[in-house]
Amino acid sequence: MASYQRRAHAQDQGPARRQPRTAQSKTYGTADAGMRATRAAGTGTHRPTSHKAPKRKRNGGKRPHRVLKWVLGIFFGLIGLGVLTGCAAFAYLYTTTEVPQPEKFALAEKTTVYYADGTTPIGSYAEQNRQIISCEGLPKYLGNAIVASENRTFYTDRGVDLKGIARAFWNNVTTGTRQGGSTITQQYAERYYLGETTTYVGKAREAVLALKIAQTESKDEVLCNYMNTIYLGRNSYGIQAAAKAYFNKDAKDLTLSEAAMIAGIIPSPSTWDPADDPTMAQQRFKRVLSIMQEDGYITAKEKAAAQFPTTAPVAQQNEYSGPTGYLLDMVERELVQSKAFTKEELATGGYKIVTTIDKSKQDLMQQIGDTRLADMPATLQVGGIALNPKTGAVVSVYAGSDYLTKQLNNADQALFEPGSTMKPFALLGAAQSGVNFNTLFNGNSHQHFTGISAEVNNALDNNWGYINLYQATANSVNTVFMNVNEHLTPQRTAAIAHEAGIAGEIDENSMYNVLGINALTVWDLAQGHATIANNGVKNTIHMVDRVIDANDKDLYNAPNENEKVFDANDCALVQKAMQGTTTYGTAAGTSTMLGRPIAGKSGTANDEKAASFVGYTPSMLNVWAIWNPDDNGNPQVVPAFSGYGVSSTGYPAHLFQEYMSQALQGTEVEQFPTAKDSGKIGGSDGTWGLGRGSSSSSGSTSGQQNSEADKDKSDTDSGKQQDQQSGTTTAPDQQAQELAKQCLANPSYSSECPNYPGANDPGQGDDPSADDPGSTDGPSYDVPVQPDEESPFAPGEMNSYATTE
């Protein structure tokens, strides 16, 4: 057998270096000696001892380990540094944070409301009614009621809920909302840093203060200080002020029931005040008593004997006297309803609220609304608002004279029937339906409509003959708009008004909804018209521009949706028709007096129990309304006074002129957008009005009227005058139009003229040279100035809608 030469490890000098292997030589481990011994024994078997060769190291094999060590070193070093930094920061905050006495607590800076300039104050919330008292002598059940309501484990816990602190901190820094601690100690600490707890440092200081209070003060001290500083509603800080505000007594004299009631509303005292929400106040009252019995503070007999107490009337702050109170209340409601703030946050947050209210315009509106004419009924109520329709920013409101005397707000709470100020929404529907506004309609009284048994009439039973939608809008002709609503359907008319932003209820099943039978507020009516005035773009009207905290950080900004809900040209057509109101219609001469184009619409409620006027330029909309409630808030007829005629329709227009003539001084004269009427005469289906071909001659909108003014011609004349299949105007129609033109030029032309002197004469005419906004070419004819529409209802047909005065 061939012999093999092998290299063994030399001596005991450590592992031998392995030589490169060749075809003739192999290197083995130390097992070679055993193999040789086997051969020497002559067995002939070659079984080397099993072994595992050592792993070879690759070139650079130590580098990954070094990199990993570096990474781990840096990572744990940073963690260590962070821990050290955190410990150092905590130590610094702990040593520099003092536990203040209750009288030094910040407790809340006043939240101040400003006019639009951001520097002139309107007023402040919360009069800072507070009084620190000794807790000796207070009934034990008073503190126990508060513990039962807010922190059942107060006497046994460590005073600090670390999870609660972390949760509140996270919510505060991520959502910007204030969230207090879950224990009484934490709530107490939060009072000191109120307004700062949305910052990292502020929240950290609050947590440290809570820990320090828990370690340095006894439970009785913490509870006493808490009772002396907590906000309890009615501008009261501390239990003594609250006892005075709710029960006109000292805290030491509170009964168990009174203590339980106050303790129950602590989480939301302004909202759960029994004067505002008696149901919730009683639920909380029962909850506190049940916990007190479960936890052994009172017996079952004491609980059964406790009855919900009667609270004293809410005392109004002097800040709310006069008209200022309405503004402060409206601002508060707007912010609370937006869910951006709670009433407690506004009362205690120390914020700066900048409104959209222009002081000079507010003073002007207040002066105009407060003016009482000599023979004006004492019960007559006035409401008004002015705003920029391009942004929705309210610049002034007239809500009343004195908030402390009458809390019901005439601008956004009191209700009245808007009457024909609702007609423009149906007019917009006609434009959307492709109806050309020069389409002729039967404008006579004594007409009947689908689903209505009573006949519908115009003001003073006037018969306008054949008129188009421009004329019908300017002169507020009921029968024409009932015809429009018959085609649209009441459901569609209501939907358009809601799409425009009106939130109030509109009867979708009544044909009369186009005549404004559903009670609305001045604010709501302004919101709907503002969308049309802004060319179909809706913005939520508002009074608050922004809210900032003590560090000038923005907490809230006004809504600015710019939601396009209507076609701009459709709205321009409505604006064009409404300009007829202020030139030759129910408010003739208004545009001339103000020296600029004005779109407007007057309205009279059912049975003359309210009157209103809506008017605007492209940049300012102004609404005024009057109504006459009795002592129970039920509507009464608005009588004529101071020369203002039938139902005093003209008085709201007078208020509008008074306000706008001064509010617009020095402002640029703005033009409304040019409207293009691409609709079809008679509508796309040819059934609107008198049908196809029934347009006013030469586009004139000044009142082509037929000769049979006293007859109901809604159906018969349509057949006589139109060939609806061919869409052409017949000879009789041409004759009627010619007669109407002659009658308008000369009312004495024929005894068949609707305005023939002495025969149903609707009134005196305006300047016949006045331009007709509905005319497309040629001169226009004068249309007699009319009072607005009277009630279309027969006696007993409809009931009046009461206001909530």
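Is cysteine 135 buried, partly exposed or exposed, and what is its relative accessibility? At 22% relative accessibility, cysteine 135 counts as partly exposed, where buried stands for under 20% relative accessible area, exposed for over 50% and partly exposed for values in between, with a 1.4 Å probe and protein chains only. The model examined here is predicted, so that local features need pLDDT of at least 70 and side-chain atom pairs count only at pLDDT 80 or more, whereas totals for chains, interfaces and linings use all residues. Residues are numbered from 1 along each chain as its sequence is written, and side-chain values use heavy atoms, with hydrogens and water left out.

A search of the whole structure finds one disulfide, the term being used for a pair of cysteine sulfur atoms within 2.5 Å. The bond is formed by cysteine 135 and cysteine 224, whose sulfur atoms are 1.9 Å apart. The torsion about this S-S bond is about 95°, and the disulfide is therefore right-handed. Because cysteine 135 lies in the loop between β3 (129-130) and α3 (140-150) while cysteine 224 lies in helix α7 (residues 219-229), the pair ties together parts that are 89 residues apart in sequence. Helices (H or I, at least four residues) and strands (E, at least two) are DSSP runs, numbered from the N terminus. In contrast to the partly exposed cysteine 135, cysteine 224 counts as buried at 13% relative accessibility. Another cysteine, cysteine 571, is buried with a relative accessible area of 0%.

The structure holds 16 aromatic pairs, for which rings of Phe, Tyr and Trp (its six-membered ring) must have their centres within 6.5 Å, planes under 30 degrees apart counting as stacked, over 60 as edge-to-face and the rest as tilted. One of these pairs is formed by tyrosine 398 and tryptophan 624, and it is tilted, with 6.4 Å from centre to centre and 35° between the planes. Distant parts of the chain are linked by this pair, since tyrosine 398 belongs to strand β7 (residues 393-398) and tryptophan 624 to strand β16 (residues 621-627), 226 residues apart. Tyrosine 398 is buried, with a relative accessible area of 5%, and tryptophan 624 likewise counts as buried, at 0% relative accessibility. The rings of tyrosine 616 and phenylalanine 672 have their centres 6.1 Å apart and their planes at 70°, so this pair is edge-to-face. Tyrosine 616 is located in strand β15 (residues 610-616) and phenylalanine 672 in the loop between α23 (650-663) and α24 (716-721), and the pair therefore ties together parts that are 56 residues apart in sequence. Tyrosine 616 counts as buried at 0% relative accessibility, as does phenylalanine 672 at 11%.

Helix α18 (residues 478-488) is mostly covered, nine of its eleven residues being buried. Among these buried residues are Val480, Phe481, Met482, Val484 and Leu488, together with Asn478 and Thr479. The buried residues of α18 pack against α16 (423-432), β8 (441-442), β9 (466-467), α17 (469-474) and α19 (490-499), contact being taken as heavy atoms within 4.5 Å. The helix is followed by threonine 489, whose phi is positive, near 90°.

Positive phi values of about 60° are also found at aspartate 461 and at aspartate 552, although neither residue is a glycine. Aspartate 461 is placed in the loop between β8 and β9 and is partly exposed, with a relative accessible area of 32%. Aspartate 552 is found in the loop between β11 (544-548) and β12 (554-557), and at 61% relative accessibility this residue counts as exposed.

The largest pocket is lined by 24 residues, of which Asp276, Val314, Gln316, Glu332 and Lys343 lie nearest its centre. On a 1 Å grid over the protein atoms alone, a pocket is an open set of points where a 1.4 Å probe fits, with protein on both sides within 12 Å along at least five of seven lines, and lining residues have an atom within 4 Å of a point. The elements that give two or more residues to this lining are α13 (324-337) and α14 (343-348), and α13 gives the most, with five residues.
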